[in-house]
Amino acid sequence: MKKILLPLVYLCAQTAIHAQFNASLESNNQYYVDDAKIKLDETEAQDRFRSNTYLTMTYRYKHFTVGAQVESYEPKALLNYYPGFKDVNLGTYYVNYNNDKGLDVTLGHFYEQFGSGLALRTWEDRQLGIANSLVGARVKYSTPGHFVNVKALYGKQRIGMGFDFSDANIAALDTEFQLATALGTDKFESNLGMSFVNKHEAVDPNFINAPADVNIYGVRLNNEYRDFYLNAEYLYKSKDVIKMATLVDPTNVYSGNAMNLVLGFAKKGLGFSGTLRRLENFNFYSDREMVGNQYNQALLNYTPALTKQYDYSLANIYVYQSQPQLTFFPQRKAGEIGSQFDLNYQLKKGTALGGKYGTDIALNFANWYGLKGKYRTYEDYNTVETETFALGERYYSDFNVDIRKRFSSTWNTALIYIYQDYNTDRIQETSGRVFATTAVWDNIFKINKSSLKVELQHQWADSSYRNWAAGLTEYNFKKNWSVFVSDMYNYDNEEADKQMHYYTFGGVFRKNSTRIQASYGRQRGGLLCVGGVCRMVPENTGFTLNINTTF
């Protein structure tokens, strides 16, 4: 008996040494209520409690990893998520093999990005309701020293829950070559990348001229030399259907292109970065019928707004969304062209302006325009001729100054000034234009082992919502606990019934890898943005409970 049990015990012990199981749980729950200012419509009011819950599990043994994510949207998903997120089901599942010789193979669901994502990017963002993974097979291989890196994949794209996928087949190839290594030098770094993405979707008689295959071809060059870096990328998209109003135009198909240039410099105490980008008819979806949908479903590439990403509530009222699409109705737009520049400078410690602890200054400027072109409309088709680098109508402009200063061992403060020129007519395709100025004073005070955050904001706007005032107080104590209260007050709205407070109060408990937050408040309707990608959220009032833990 011992001869049988001892080897078995030894085998189990060895397996346990090499095996690793991890799991995480995220549960976002809301109970919506009516108040004097905001009421749910009759349809939404039927399910006042809603929940989005994600259980992610991975098991690793030597070179193998098995993973799955179970998702629950019961009894319904949170307000304004994609209707296809419903019930309880497998969201993603995969098997991966990865060895130390450069081979990486995945079967099942996977997320992938080529270059900056303009050619291909699939990713998950639960706040935005984006989970556009591909399901199929992916192979990655790197030669010794990563001289050559190759990725190849084939599959369908996830849409909604369970085993719902787009009808199109996606095939893609990405290669990257380390040019500096090939030249035998370590004085600089340079790599050349090339991408190819194919979407094959069966011909549909409802889409007269829509091609079965839409391809993206891309080339990029990334360089670093001492404190400088320069990245350039160009992509071409073959003919694809375009969106017209709320429908996909079945007769007109057009090609597209994208250009992206990033130049930067960084050393201790000083940094500069400039980005120039031009997009023409460069949105890319795995399903013709979902072109331009408000839930960001079936997206195959990544065209975020290249503007400052703010942490402050009032600065996120007028948020730019990138305009890569070509459309002739209800507006004539072919894409966007613009730039963003960042300058960061640190005033040295001990100087007159730097003081005892130094001072950090950050400047950011962004300017985005439509493409200048000639549009012609005929009985059965439309045409457009754009000028490559000419600027059309201004869509958005943003200038901000961020000064951060530590005055003592217990007090840190920040002063932020933001100016925004927001073309509502072009960005939201409604009427109007807004010029808004926002000021923020942000403070953190350390009190023994606790801390107090006090934040004051004000926004002056000449139209739309007009003036706002906002504040936040957050107290962190006993290492694990914090309480907070915040308010946004639209006191100057021209419509008296919309002069309301959007308040929230609650608490957070943290211990090890667990975080629990409970709150009650009123949510301002509008755009919720993460990383330059946005979704619309409706006004609502209610209780919220968020749980995050790993085990």
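On a 1 Å grid over the protein atoms alone, a pocket is an open set of points with protein on both sides within 12 Å along at least five of seven lines, whereas a cavity is a set of points where a 1.4 Å probe fits but cannot get out; lining residues have an atom within 4 Å of a point. Grid points are joined across faces, edges and corners, and the volume is the space filled by probe spheres set on the points. The model is predicted, so that local features need pLDDT of at least 70 and side-chain atom pairs count only at pLDDT 80 or more, while totals for chains, interfaces and linings use all residues. Residues are numbered from 1 along each chain as its sequence is written, and side-chain values use heavy atoms, with hydrogens and water left out.

The second largest pocket holds about 960 Å³ of space. Its lining comprises 36 residues, with G292, N293, Q321, S322 and Q325 closest to the centre. Strands (E, at least two residues) are DSSP runs numbered from the N terminus. Of these, β15 (228-244) and β29 (533-537) each supply at least two residues of this lining, and the largest share, 4 residues, comes from β29. By class, the lining of the pocket contains 16 nonpolar, 16 polar and 4 charged residues, where Ala, Val, Leu, Ile, Met, Phe, Trp, Tyr, Cys and Pro count as nonpolar, Asp, Glu, Lys and Arg as charged, and the others, Gly among them, as polar.

The largest cavity has a volume of about 60 Å³ and is lined by 13 residues, of which Y54, Y73, F85, I130 and A131 lie nearest its centre. Two or more lining residues come from each of β3 (64-73), β8 (124-125) and β9 (130-131); β3 gives the most, with 3 residues. This lining divides into 6 nonpolar, 2 polar and 5 charged residues. The second largest cavity contains about 50 Å³ of space. Among the residues lining this second cavity are N80, Y81, Y82, Q294, Y295, R535 and M536, and its lining has 5 nonpolar, 4 polar and 1 charged residues.

Strand pairing was assigned where DSSP finds at least two bridges between two strands. Strands β18 (residues 335-347) and β19 (residues 359-377) run antiparallel and are joined by 12 bridges, with L347 opposite T359 in β19. Strand β19 is also joined to β20 (residues 382-408) by 17 bridges, again in antiparallel orientation. In this pairing, L363 stands opposite V401 in β20, and β19 and β20 form a hairpin with 4 residues between them.
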